[in-house]
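The following note sets out numbered remarks on the structure shown below. They are intended to be read with the sequence and the coordinates at hand.

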Amino acid sequence: MTTSSRPTLSGDQDSDPKISDAKFTADTRTDFYDRNLTSRRYALVGMACSSIFSCLCIVAGIVTLAKHGVFGVITFNTFIVNSDDAFTLLDRLREILALAFNLIVTFCTESVGFIHSISLRSALASESRLRFNTNLRLLTAARGWCNPNGALLNSISAVLLVLSYSSASLVDGVALGGLPLLILGVALLLQMMIALSGMRAVKILTWSSSSFDLTAALIHHAQLTPITFRCMRGVSALDVDGDPARPSETQPSAWHAHPSIRKVVIFLWGIVAACAGWAALVMYLWHKYAGTDVASSYALTTQTWSFIPDLQNDSYNYIMYQTPDIGIRWWILVFVSVTAVQGPLTLAVHCSELIVNVLRDEKQWRCATERKGLRTAMNPVRMIFTHPIWLVLFAAKPFLHWMFGLSFIISNPAYDGQLGYLGVGMLTAQIWNLCIALSIFACFFTFVALRRPRGPQPAAYGHLQTLANLVDEWSPVMWWGHKEDGIPYCHAGTSDHPLPDVKMDCVYAGSGAGSLAPLRERSDVIRTGYALTAHTIGHAVE
């Protein structure tokens, strides 16, 4: 079935009337778009695993606190270490367990984050405020303070996310503190409750991460209306009228197309600068207090510089503050200190998801000019392993938090199941290592954000209105290219079979572009009619 090419009005997306000539090959059946219930099942399985892990942390934390008090720990290194090799092995085992623990926390937060992002996307769509397929999950909110996807609970989710990684940093690989375990379990559980409440509070049109499934769903439910004569206009030309355009050999980068990406990249480099400042401050304090109880006696040299500190010989450069006694106020102080330092890192890595997902959306769209075509459906598991940038981010999340744990250590020796004291140490070499890793991370994402796609295909970067304008025929597999010759304008669009390349020397405006001027005049008449009506109403009110 083909929709009418008569002008249709979209009261949900814009106040101005829009003219649509889009053709849909899937009619108005429920399978017009992929609801992707497979992603929903995967997400719920991930939530179930996360809930089991959080409950285990809560139970272990409560048992430890009940048995040994607020300073109790679960120790696994009860054997006697009587050789240097055994101590080194134990130290490496502790770091491996800490990295694995951060990896598990990352899996849990990603499972929660997927459901939260899908529900937030649907909430924004219901308010006609959804512009891109991907948004900053914790920094974008739906209307209403009581809304599970609103600003209040989003802010709480951000704090809980930071607490999750901060608690993981305080959990030693071979001596699990009861209080950090309890806080970690509660933080994960509360995040799951917020995500599930958000899922139940809104009608989710599709669980698919594909921007095409979402665009098709919004069109199907009359929440988005294609605009004609923009078949060669990308996302960067949103403020340009639907005038004819010639194909361009290169397209704008994500940096120029998506305003939030610029903020994310700047934020990443701000974190790099803050980390370098942190390292410089620690070096200054070490020079000031070298040889005292506050600072080590080893200077920062190539001999003392290492990736993993030599805890056996204490031969590394650091400053440390040891609490005078054990009390709940010191635990609170340590938690606040770790959260304050690690919080910006957690938010920066979280915001990097925007770059990854926007580039994923654009990569899917540009498949429309390849031999195999564009497949609108997206397998959530296959997407992880076939998208290298996503793999980089997923590996970087636990790795960077683990490196932070090497830089900001909590010395908590345990005797008979209880902590002896709390010592907060900052290791200079490891902070510089973290700074170098963050610099590489920021350079990589800056490069991919500034990279300009080649080819005449207009860039969309997951912008829903742009995709609705560019796709004029929907099918499970689509190709984009030249469709019609015309005088004076040609037409480019999508089809269920391969299309020839667009002609670089032609001007494109869309199907039926010969009647472009009359339609514009009609649109102006409609707008003028709206203005006159508003003017008349204003006089009537007066």
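1. In this predicted model, helix α3 (residues 151-170) packs against α8 at an angle of about 115°, and the two axes lie 8 Å apart. The crossing of α3 and α8 is right-handed. On the α3 side the contact is made by Ala158, Leu161, Val162, Leu163, Tyr165, Ser166, Ser167, Ser169 and Leu170. On the α8 side the residues are Trp331, Val334, Phe335, Val338, Thr339, Gln342, Gly343, Thr346, Leu347 and His350. Sorted by class, the contact of α3 with α8 comprises 11 nonpolar and eight polar residues, with no charged residues.

2. Helix α8 (residues 328-366) also meets helix α7 (residues 259-289): their axes come within 9 Å and cross at roughly 150°. Because angles over 145 degrees count as roughly antiparallel, α7 is roughly antiparallel to α8. The crossing in which α7 passes α8 is left-handed. From α7 the contact draws on Ser260, Ile261, Val264, Val265, Phe267, Leu268, Ile271 and Trp278. These meet Val341, Pro344, Leu345, Leu347, Ala348, Cys351, Ser352, Leu354, Ile355 and Val358 of α8. By class, the contact of α7 with α8 has 16 nonpolar residues and two polar ones, and charged residues are absent from it. Leu347 is listed in the contact of α8 with α7 and also in the contact of α8 with α3.

3. Ser352 deserves a separate remark. This residue lies in helix α8 and is buried, its relative accessible area being 0%. Not counting residues up to four places away in sequence, Ser352 touches Val264, Leu268, Leu393, Phe441 and Phe445. Of these, Val264 and Leu268 belong to α7 and are listed in its contact with α8.

4. Where does Asn102 sit, and what does Asn102 contact? Asn102 is found in helix α2 (residues 84-126). The residue is buried, with a relative accessible area of 2%. With neighbours within four places in sequence left aside, Asn102 is in contact with Tyr165, Ala168, Pro398, His401 and Trp402. One of these, Tyr165, is also listed among the α3 residues that contact α8.

5. The aromatic residues form 12 pairs. Trp390 and Phe394 make a stacked pair, with 5.4 Å from centre to centre and 15° between the planes. The two residues are four apart in helix α10 (residues 388-407), so about one helical turn separates them.

6. Phe404 is buried at 2% relative accessibility, and Phe408 is buried at 3%. Ring pairs link Phe404 and Phe408 with Trp278 into a cluster. Trp278 is listed in turn among the α7 residues that meet α8.

7. Thr64 is found in helix α1 (residues 37-68) and counts as buried at 3% relative accessibility. Thr64 and Gly177 are 113 residues apart in sequence, while their C-alpha atoms are 7.9 Å apart. Val477 lies in strand β13 (residues 477-484). Val477 has a relative accessible area of 18% and is therefore buried, the limit for that class being under 20%. The C-alpha atoms of Val477 and Ser495 are separated by 8.4 Å, and the two residues are 18 apart along the chain. Leaving aside neighbours within four places in sequence, Val477 is in contact with Lys372, Gly373, Leu374, Arg375, Ser495 and Asp496.

8. Finally, some totals for the protein. It has 13 helices and 14 strands. Buried residues make up 52% of its 542 residues. Among contacts between residues at least 6 apart in sequence, 73% join residues at least 24 apart.

Notes: Residues numbered from 1 in each chain as written. Predicted model: local features only at pLDDT ≥ 70, side-chain atom pairs only at ≥ 80, totals over all residues. Heavy atoms only, no water. Axes fitted to C-alpha atoms, helices over the stretch in contact; angles between N-to-C directions. Parallel < 35°, antiparallel > 145°, perpendicular 65-115°, else oblique. Left-handed = near helix turned anticlockwise from the far one by under 90°. Contact = heavy atoms within 4.5 Å. Nonpolar A, V, L, I, M, F, W, Y, C, P; charged D, E, K, R; others polar. Buried < 20%, exposed > 50% of the residue type's maximum accessible area, 1.4 Å probe, protein only. Phe/Tyr/Trp six-rings, centres within 6.5 Å; stacked < 30°, edge-to-face > 60°.
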